[in-house]
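Subject: Structure handover

Hello,

Here is the structure I promised to pass on. Please have it open while you read my notes.

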Amino acid sequence: MWEPSLVAWSFFILTLLFTTFLPNILKKKKYNDQNDQNDQSRTRYKFPSGRRSWPVIGDSFNWYSAIASSHPSKYVEEQAKRYGKIFSCRVFGKCTVVSVDPDFNRYVMQNEGILFQSSYPKSFRDLVGVNGVITAQGEQQRKLHGIASNFMRINKLNFSFIKEIQTIIIHSLTTFHDRHQIISLQDACRKIAINLMVSQLLGVSSDSEVNEISGLFYDFVDGCLSFPINLPPFAYHSAMKARKQIIRKIKKKIEMQKSMEKSSSSGHGVLGRLLEEQKHLCDEAVEDFIINLLFAGNETTSKTMLFAVYYLTHSPKAFEQLMEEQDGLRNKCGDNTVTWEDYKSMSFTQCVIDETLRLGGIAIWLMRETKEEIKYSDYVIPKGTFVVPFLSAVHLDENIYDEALTFNPWRWMQLQNQEKRNWKSSPYFAPFGGGGRLCPGAELARLQIALFLHHFLTNYRWTQIKEDRMSFFPSARLVNGFQIRLERREH
């Protein structure tokens with residue numbers, strides 16, 4: 001009688017043991033397997049290596065010393081040779097991942113708002129404003145970028161802007177009337193660029209008002225990467241004062257545009273169209289939007305104009321070929337007014353602009369922050385890490401461009417460089433950034449630069465009277481302002 005009971009009890013106990021311990025055994029095995037995988041993952045992925053230096057100060061001195069020179073990527077190139085094209089250092093007061101790898105740079109730009117977000121110093125954010133297309137994040141940034149891109153679409157440039165741009169450039173150049181006049185071309189280009197931007201954005205045409213805004217922008221730009229100490233005589237303090245005055249002028253223009261709208265008059269410039277078409281934007285967002293476009297447009301256009309003339313001055317062969325192209329257009333149009341078809345035919349002029357942007361583009365780096373942990377190639381980059389794609393280092397890479405430090409516009413005529421030349425998608429040439437933050441005014445800037453070169457070269461001759469060099473800190477510039485003796489050409 002007991003044998004069946006013993007068998008039943010034995011089966012019950014075995015079943016109990018099996019069901020009790022097996023899940024724990026399997027769970028432990030799974031845990032061990034996961035640990036093994038994590039160990040393997042940790043073995044495979046690593047944080048980019050780099051020089052470990054002092055806290056806070058870190059590598060800032062070497063970083064800014066290089067940027068203040070005519071070869072801004074020198075320091076990062078040296079670090080890349082030691083630690084690889086993606087490396088870490090301590091700059092901007094924090095541990096930073098820096099990239100001179102064109103593919104990773106493009107990866108960062110293409111994943112804007114997904115894996116990465118813009119991250120600028122406090123001084124920059126305070127000055128350009130939190131509602132601007134440069135500093136806004138997420139859906140707000142996409143909306144503002146779309147608005148800016150719509151206003152500056154290529155199909156609008158040929159009709160809306162080309163005659164107006166030339167009128168402003170010709171008027172600005174007429175101030176150079178004295179024979180053998182000595183000028184700072186840096187100051188002249190900044191005034192021309194400001195004149196173009198305030199006219200097209202705000203509808204301003206008064207010389208006195210343009211000169212006043214130009215003076216304010218000197219202080220404004222110099223404070224963008226300064227220490228945020230709001231006390232005199234610090235650059236940040238002067239820049240914030242300049243911002244308040246610029247915003248005050250924009251407010252007045254907004255009030256004027258709204259009063260014109262009430263009287264059924266059409267608005268002037270981009271501001272007028274912005275208020276008519278984007279009524280959901282509050283005044284503060286409009287102010288930041290305009291000051292962002294003023295800042296970006298002025299810096300890109302004025303510095304590329306300046307650097308193009310600087311490079312041409314030191315490259316007689318390029319100057320001669322460009323003059324031949326531009327004089328041909330002058331003889332064709334008679335009144336020296338360039339048409340849209342003339343602009344599209346400036347093939348060598350476009351090569352000069354591209355080469356100037358490659359060597360002296362002001363967007364030398366981007367400032368980004370990881371939104372989550374990033375795994376790329378053999379690297380893992382934690383969430384919240386500051387990431388700097390150093391675009392200038394790619395533009396000056398001898399492995400990508402032959403004689404990369406030499407001004408050579410003809411390189412863009414070579415078949416092997418045609419794919420690199422597509423600045424909207426190429427990882428090797430990104431003077432206007434890329435991805436969701438590609439500069440919306442890039443086409444307008446190129447048009448303005450080409451028209452400036454046409455009217456400046458066909459009307460003036462110049463001689464450099466003082467040695468000069470480029471610097472990119474606190475902003476892109478020529479240290480001595482590029483002093484030249486100017487005289488009008490006889491036709």
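Predicted model: local features only at pLDDT ≥ 70, side-chain atom pairs only at ≥ 80, totals over all residues.

Residues are numbered from 1 along each chain as its sequence is written, and side-chain values use heavy atoms, without hydrogens or water.

**Cavities**

The whole structure holds 4 cavities of 30 Å³ or more. On a 1 Å grid over the protein atoms alone, a cavity is a set of points where a 1.4 Å probe fits but cannot get out; lining residues have an atom within 4 Å of a point. The largest cavity has about 1,000 Å³ of space. Its lining has 45 residues, and Phe124, Ile134, Phe295, Ile362 and Ala363 are the closest to its centre. Helix 12 (283-313) and helix 17 (442-459) are the elements that each give two or more residues to this lining. Helix 12 supplies the largest share, 8 residues. By class, the lining has 31 nonpolar, 11 polar and 3 charged residues. Helices here are DSSP runs (H or I, at least four residues), numbered from the N terminus.

The second largest cavity has about 50 Å³ of space. Among its lining residues are Arg106, Trp423, Lys424 and Gly433. This lining divides into 4 nonpolar, 6 polar and 2 charged residues.

**Largest pocket**

A pocket is an open set of grid points with protein on both sides within 12 Å along at least five of seven lines. The largest pocket has a volume of about 480 Å³. It is lined by 17 residues, and Tyr64, Phe92, Pro121, Ser226 and Phe227 are the closest to its centre. Helix 2 (60-67) and helix 5 (122-128) each give two or more residues to the lining. The classes are 10 nonpolar, 5 polar and 2 charged.

Where does phenylalanine 227 sit? The residue is in the loop between helix 9 (207-222) and helix 10 (235-262). Phenylalanine 227 counts as exposed because its relative accessibility is 68%, and exposed means over 50% (1.4 Å probe, protein chains only). Phe227 also forms a nonpolar surface patch with Ile229, Leu231 and Phe234, with about 420 Å² of accessible area together. Patch residues have over 30% relative accessible area and no salt bridge, and nonpolar side chains are joined within 5 Å. A salt bridge is a side-chain nitrogen of Lys or Arg within 4 Å of a carboxyl oxygen of Asp or Glu.

Best wishes

Methods
Patch = residues over 30% accessible without salt bridge, like charges linked within 9 Å, V, L, I, M, F, W, Y side chains within 5 Å. Areas by Shrake-Rupley, 256 points an atom, 1.4 Å probe, with all protein chains shown as cover. Buried < 20%, exposed > 50% of the residue type's maximum accessible area, 1.4 Å probe, protein only. Points joined across faces, edges and corners; volume = space filled by probe spheres on them. Nonpolar A, V, L, I, M, F, W, Y, C, P; charged D, E, K, R; others polar.
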